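Biologist: I would like to go through this model with you. Could we begin with what you mean by a contact?

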Amino acid sequence: MIQLIAFYLFATIVIASAAMVIFARNPVHSVMWLILAFFNAAGLMLLAGAEFIAMLLVIVYVGAVAVLFLFIVMMLNIDFAELRAGFVRYLPLGALVAVILAAELIFAVGAWNAGGVDLAARAAPVVTDKSNIEQLGELLYTKYIFLFEAAGLVLLVAMIGAIVLTHRERGGVRVQNVSAQTRRRPGDATRLVDPGSGQGVEL
Amino acid sequence: MTETFISWGMDPNWAWGVATICGILLIALPLMLAVAMIIYADRKIWAAIALRRGPNVVGPFGLLQSFADGLKVFLQETIIPSGANRGLFLIAPIITFTVALMAWAVIPFNSGAVLADINVGLLYILAVSSLGVYGVVLSGWASNSKYPFFSAMRAAAQMISYEVSIGFILVCVVLYADSFNLNEIIKAQQGHGLGIVNAFGFNLLLFPIAVIFLIASLAETARAPFDLTEAESELVAGYQTEYSSMAFALFWLGEYANVLLMATLNAILFWGGWLPPIDWAPLYAVPGIIWLFAKILFFFFVFSWVKATVPRYRYDQLMRLGWKVFLPISLIWIVLISGWLMLTRYS
C-alpha cells in the first residue's frame, strides 16, 4: 500500500516539477524545480529496488550537473522587478516544498522498509541474491567491458575536443611557478653588503 | 530499538515509526549540544594559540557563551533585504541546516548503533554532502548583493572541485573494505595493521590519501585555510552578509555540524571509528562510542589548530591544489591500490 502511494506521489511530482521547469518565469526557479524532479526520480529508483542508481542520480545530477546549471543561470541578467510583478509571495510555496520533501523522505524510508514493488510488476526481472552494486559491476565491468570502455573512449574524445575548441593560448600571462618558489632560498634573493661611506650599492 | 517497542505491545509498523523518531531525536539533540560546545572549544583553542583568553565571561570558564550567543541571535529581528528573492533567501539556510543533519543518519556510533544501516551508506553521505553547496549558492544569489554572489560562485567551484578527489579517495577505502556500508568499513579495519592496530591509516598505502582526505575535508567544509567563501578581507562575510537572526544562526549551526561530520568521517574511514586504536582485548572494555568521540575531538582539534595557524589560500592556489595536485594523486592511488589488491587479495 505505502509503495503504491509513494509511487504515485513521486511520479506526480516528477511530472509536475518537470512542467514547472518550463513554466517558471525565473530561470533559477526552473533549476530548482529541475532539482526537485531529479530527487523524485531518485525516489522512483529506490522503489524499484535500485538504491545504487538512486544514490548515483543524486550525486551526479543534483550534486554536480544541477550545480553547474545553477552556476550558469545565476549569472544571467534577470530583471527582478518585472519578474516579481505577477508572482504571489513565495513563503507559502516554500513551506509547501518543504512539507512535500519531508513527506517524501518518510514515504521513501517507509516504502523501503516495506520491501520493493512487487517483482512481477517490474519491467525487468531481478536477481535477488546479489546486491545492486555487485550486479551492476558484473554487467558493466565483466560482461560488457568492451562496450563500457568504448563509451569511456568516446567521452574522452569529447572532453579533449571541448578543451581544444575552447583553449586559446594567451601570451604574456605570468603564471605562478610553485616549485620554483619553494626551491628559492634566501641566498638566491638577498645579498649582504657593507658599503663604505660615500659609496653606493650596485644593484 | 524497534524490538523494545514491539515488546511493549506496539504494532510493528508503529513501533518502527516511533523508534525512528526517537533515534532521530537521540542523534539530533546531542548533536546540537555538541555543536554549541564545539563552537566554544573552537574559540578557546583559537584564542590559546593567539595568546588570548577567549570567551570567559558567561558561565564558568565561559562555557555558556554559545548559549548566550544563541539567545541573542534568537531575539534579533529577521531582516530580509528588499531586493532579495524572498523564498529562496529563506529556504537557503534551511537547506544548509537540514543537509548538515541528514548525513548523520548513517553514521555508526557503535557496533549496531546506527539509525539507518543501509548498504550504500558511503554513497548516501557523498550524495547528502554534495547538496550542502545549494544552501551557500542559493543564499548568495537570493541576497541580490555583490559580495554574497561572489562568495556563492567561489563556493560552487570550490566544493565541486574537492568533491571529485574526495570521491576518488572514498573509492580507495571501499576497495580495501569491500563494502559501502560504514559499519562494514569499520569492521574491515579491525587488526588491519599486522593484526595489531585497528586503522586503515596505519597502512602505508592508505596513509597518504588519509592525509589528502583530511585536507580535502577542510576544503569541503570551507574551513580555514580554504575559507574563501567568507573571506572577510575581500567579501565582508561572504554568503552570510545579508543574513541576520535565526537565518544566520542556521548557517552557523549547519557549518559546525558539517565540520563535526567531516571529523567523524575522518575517524570512521581511516582511523577505525568506534574500534580502539590497538587490537588488544582489554581496550574493548571501553565503550566504542568513547573511542569514536575521542577520535572526533582529535580531528576537530586538528581543524581548529589549522584554522589558527595557516594563512588563507589564494583562489587560484586553491583550484591548483584541487585539480592539479589532489585529483591526479587520488587517481593514481586508485590504480595503485586496485593493482595491489589484485596482486595480494584476488589472485
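Modeller: Contact means that heavy atoms lie within 4.5 Å. Please bear in mind that this is a predicted model.

Biologist: Understood. With which residues is B:G54 in contact, leaving aside its neighbours within four places in sequence?

Modeller: With that exclusion, B:G54 is in contact with B:K44 and B:A47.

Biologist: And where is B:G54 found?

Modeller: B:G54 is in the loop between helix 2 (12–49) and helix 3 (65–75) of chain B.

Biologist: Is B:G54 buried or exposed, or something in between?

Modeller: The relative accessible area of B:G54 is 23%. Buried would require under 20% and exposed over 50%, so B:G54 counts as partly exposed.

Biologist: How far apart in space are B:G54 and B:Y147?

Modeller: Their C-alpha atoms are 29 Å apart, and 93 residues separate B:G54 from B:Y147 in sequence.

Biologist: Let us turn to B:F97. Is that one buried or exposed?

Modeller: B:F97 belongs to helix 4 of chain B. Its relative accessible area is 18%, which is under the 20% limit, so B:F97 is buried.

Biologist: Now the two chains. How much area do chain B and chain A bury between them?

Modeller: They bury about 3,000 Å², with 78% of it on carbon and sulfur atoms. Chain B gives 35 residues to the contact and chain A gives 34.

Biologist: How many salt bridges and polar contacts are there between the chains?

Modeller: The count of salt bridges is 0. There are 3 residue pairs in polar contact, counting pairs with both residues at pLDDT 80 or more.

Biologist: Which element of chain B gives the most to the side that touches chain A?

Modeller: Helix 5 of chain B does, with 11 residues. The residues on that side of chain B divide into 22 nonpolar, 8 polar and 5 charged.

Biologist: One last topic: helix 2 of chain A. Why does its length agree with expectation?

Modeller: This helix covers residues 27–47, and at 1.5 Å a residue its 21 residues should span 30 Å. The end C-alpha atoms are 30 Å apart, so the two values agree. Helix 2 of chain A is followed by A:G49, which has a positive phi near 85°.

Methods:
Residues are numbered from 1 along each chain as its sequence is written. Chains are lettered from A and ligands numbered from 1 in the order in which they are written. This is a predicted model: local features need pLDDT of at least 70, side-chain atom pairs count only at pLDDT 80 or more; totals for chains, interfaces and linings use all residues. Side-chain values use heavy atoms; hydrogens and water are left out. Buried area is the accessible area (1.4 Å probe) that two parts lose on being put together, summed over both. A salt bridge is a side-chain nitrogen of Lys or Arg within 4 Å of a carboxyl oxygen of Asp or Glu. A polar contact is a pair of N or O atoms within 3.5 Å; within protein, one must be able to donate a hydrogen and the other to accept it, and residues adjacent in sequence count only if both atoms are side-chain atoms. Helices (H or I, at least four residues) and strands (E, at least two) are DSSP runs, numbered from the N terminus. Ala, Val, Leu, Ile, Met, Phe, Trp, Tyr, Cys and Pro count as nonpolar, Asp, Glu, Lys and Arg as charged, and the others, Gly among them, as polar. The expected span of a helix is 1.5 Å times one less than its number of residues. Buried means under 20% relative accessible area, exposed over 50%, partly exposed in between (1.4 Å probe, protein chains only).
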